[in-house]
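Subject: Structure for your review

Dear colleague,

Please find the structure below, followed by an account of what was found in it. I would be grateful if you would read the two side by side.

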Amino acid sequence: MSNESTTEAAVSTGHLGAQAVTIEQEIQSFLADRTKITVPVDQDLFASGLVSSMFAMELVVHLERTYSIAVIGSDLKLDNFRTIERMTALVSRLQDFAAAPGA
Amino acid sequence: MPESRAELRAIVDALVGDCAASWDLAGQLPNDVLRKLGSNGLLCAEVPKEYGGLGLGSQDGGAFTAYVGSLCSSLRSVMTSQGMVAWTIQRMGTQQQRYEYLRRLTGGELASVAFSEPEAGSDLSTMETEIRWDGDEVVLDGKKVWTTAALYADLIVVVGVQGQAGAAVIVPAGAAGVTVERVANPSGCRAAGHANLRFESVRLPADAVLGGGGQPLSWLFTTALAYGRISVAWGCVGILRACLSAAATHAATRRQFGKPLAEHQLIAHHLAELYTAEQVATRACEHASRCWDAGSPELVVATVLAKYVSARGAARGAAAAAQIMGSAGAQDGHVVARAYRDAKLMEIIEGSNEICQLILAQHAVTTAR
């Protein structure tokens with residue numbers, strides 16, 4: 001799959017910081033690699049039938065390994081994985097939590 | 001705390017000895033054996049050390065599971081159940097739930113996880129068991145069938161519907177409204193404590209709901225079954241090793257038509273197939289466990305592949321072993337007779353052969369280049 005289309009589709013992230021844009025692009029690229037579709041960052045992945053429960057688990061494991069985070073407990077909610085934007089927010093929050101003093 | 005594979009095996013050898021046959025015939029594992037293994041953390045050996053577990057990785061845990069599976073599939077099934085509960089709590093539970101319950105699971109309490117229902121087998125999406133909020137409590141109603149190890153369990157994790165989503169609750173087996181009925185005369189893993197369960201207006205505190213509930217139902221069983229499948233897969237490797245050992249020894253020593261069975265080509269064919277099944281299952285399990293230990297997303301599909309290859313291999317391998325053994329292995333309780341019955345169930349539980357095939361075919365289609 002072309003990396004150009006992945007990059008193009010992620011350009012519309014506007015107000016997000018550079019780090020979040022990078023996370024969005026990386027997740028988009030992972031999805032594109034597995035599904036051969038470049039998904040807009042605000043598209044509902046479950047409503048569109050793109051992500052099965054088995055693939056959702058792959059996504060969780062991928063995010064955990066790539067960003068050195070643990071997605072467990074009450075963070076394992078559909079809403080946190082519904083779009084690339086939501087996943088990016090989840091990753092950013094968990095990274096901040098891990099980086100916080102005394103965390 | 002035991003560390004090495006040899007130490008773990010020695011503990012199990014001392015507790016199991018040559019009793020697996022009599023446990024199979026009685027349909028019951030001794031309580032003290034389960035409690036001793038449980039209180040040493042050996043029934044869920046992959047629980048991290050901070051929660052009282054041995055902290056084994058998937059490869060070491062798998063090797064241990066295969067060893068127990070080679071001795072007694074009923075005991076291995078109890079381990080699979082305990083490990084599935086621990087894994088589900090580790091993934092889905094809050095920090096407080098992990099701290100409380102994982103320590104209990106490594107401290108001697110026994111646990112099982114309830115999925116299947118009278119009308120929801122392979123199609124778990126048709127689950128009817130309901131977990132509904134009532135103020136700051138939840139109320140559980142429903143029926144579960146063929147829940148492995150439930151007969152021995154102190155705690156039962158019940159997966160059910162909660163509104164539009166799902167939830168998993170930790171239920172004390174002795175709670176008011178819980179009925180546990182033994183499944184009579186199961187054809188395999190006869191001492192694994194299968195039970196049918198009824199929950200009638202069982203009231204539980206909010207902190208019994210894993211992670212607060214509201215997860216997609218499919219995520220709950222995909223998570224729990226991932227552990228269950230890798231555990232069953234390694235258990236099948238154990239079945240194959242026990243069969244290979246018994247059949248190869250018999251074929252080398254039993255003489256017919258003036259020579260050992262092994263020198264008859266039709267028997268050699270069975271032996272080759274059995275050896276191949278053991279090796280292929282081992283490699284598939286090793287690969288999947290390496291994916292677990294590396295945190296690779298491939299673990300999801302590799303685990304289904306390992307379960308499918310190992311269960312099918314075990315059922316065919318055990319049948320070949322029974323054929324080689326002839327009357328010598330045809331008595332209930334014999335290691336090969338047990339393997340033959342137990343392996344068939346492994347093709348059914350934790351995702352039947354056919355469900356595994358559907359998942360693997362779907363994967364092949366979505367990843368086609």
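How many helices and strands does chain A have? Chain A has four helices and zero strands, where helices (H or I, at least four residues) and strands (E, at least two) are DSSP runs numbered from the N terminus. Please note that this is a predicted model, in which local features need pLDDT of at least 70 and side-chain atom pairs count only at pLDDT 80 or more, while totals for chains, interfaces and linings use all residues. Residues are numbered from 1 along each chain as its sequence is written, and chains are lettered from A and ligands numbered from 1 in the order in which they are written.

Chain A

The pattern of chain A, read along the sequence, is α-α-α-α. Of its 103 residues, 31% count as buried; a residue is buried if 20 or more other C-beta atoms lie within 10 Å of its own, exposed if 12 or fewer, and partly exposed in between, with C-beta atoms placed from the backbone. Among the contacts in chain A with a separation of 6 or more, 53% come from residues 24 or more positions apart. Two residues are in contact if their C-beta atoms, placed from the backbone, lie within 7 Å.

The loop between helix 3 and helix 4 (84-99) of chain A holds Ser68(A). Ser68(A) is not a glycine, yet has a positive phi of about 50°. Ser68(A) counts as exposed because it has 11 C-beta neighbours inside 10 Å.

Where chain A meets chain B

In this interface, 17 residues of chain A are in contact with 22 residues of chain B. Helix 2 (18-35) and helix 3 of chain A each supply at least two residues of the side of chain A that touches chain B. Helix 3 of chain A gives the most to that side, with nine residues. By class, the side of chain A that touches chain B has seven nonpolar, five polar and five charged residues. Here Ala, Val, Leu, Ile, Met, Phe, Trp, Tyr, Cys and Pro count as nonpolar, Asp, Glu, Lys and Arg as charged, and the others, Gly among them, as polar.

Helix 3 (residues 53-67) of chain A and helix 7 (residues 217-253) of chain B have axes that come within 9 Å and cross at roughly 65°. Helix 3 of chain A is therefore roughly perpendicular to helix 7 of chain B. Axes are lines fitted to C-alpha atoms, for helices over the stretch in contact, and angles run from 0 to 180 degrees between N-to-C directions. Angles under 35 degrees count as roughly parallel, over 145 as roughly antiparallel, 65 to 115 as roughly perpendicular and the rest as oblique.

In this pair, Ser53(A), Met54(A), Ala56(A) and Met57(A) of helix 3 of chain A meet Ser218(B), Trp219(B), Thr222(B), Thr223(B) and Ala226(B) of helix 7 of chain B. The residues of this contact divide into five nonpolar, four polar and no charged.

Helix 9 of chain B

Helix 9 (residues 299-325) of chain B has 27 residues, which should span 39 Å at 1.5 Å a residue; its end C-alpha atoms are 37 Å apart, which agrees. The expected span is 1.5 Å times one less than the number of residues. Helix 9 of chain B is mostly covered, with 24 of its 27 residues buried. Gly326(B), whose phi is positive, near 60°, follows helix 9 of chain B.

Lys307(B) is found in helix 9 of chain B, and counts as buried because it has 34 C-beta neighbours inside 10 Å. Leaving aside neighbours within four places in sequence, Lys307(B) is in contact with Arg229(B), Val232(B), Ala233(B), Glu350(B), Gly351(B) and Cys356(B). The C-alpha atoms of Lys307(B) and Gly351(B) are separated by 8.6 Å, although these residues lie 44 residues apart along the chain.

Helix 9 of chain B and helix 10 (residues 335-346) of chain B pack at an angle of about 155°, with their axes 8 Å apart. Helix 9 of chain B is therefore roughly antiparallel to helix 10 of chain B. By class, their contact has 13 nonpolar, no polar and one charged residues.

Yours sincerely
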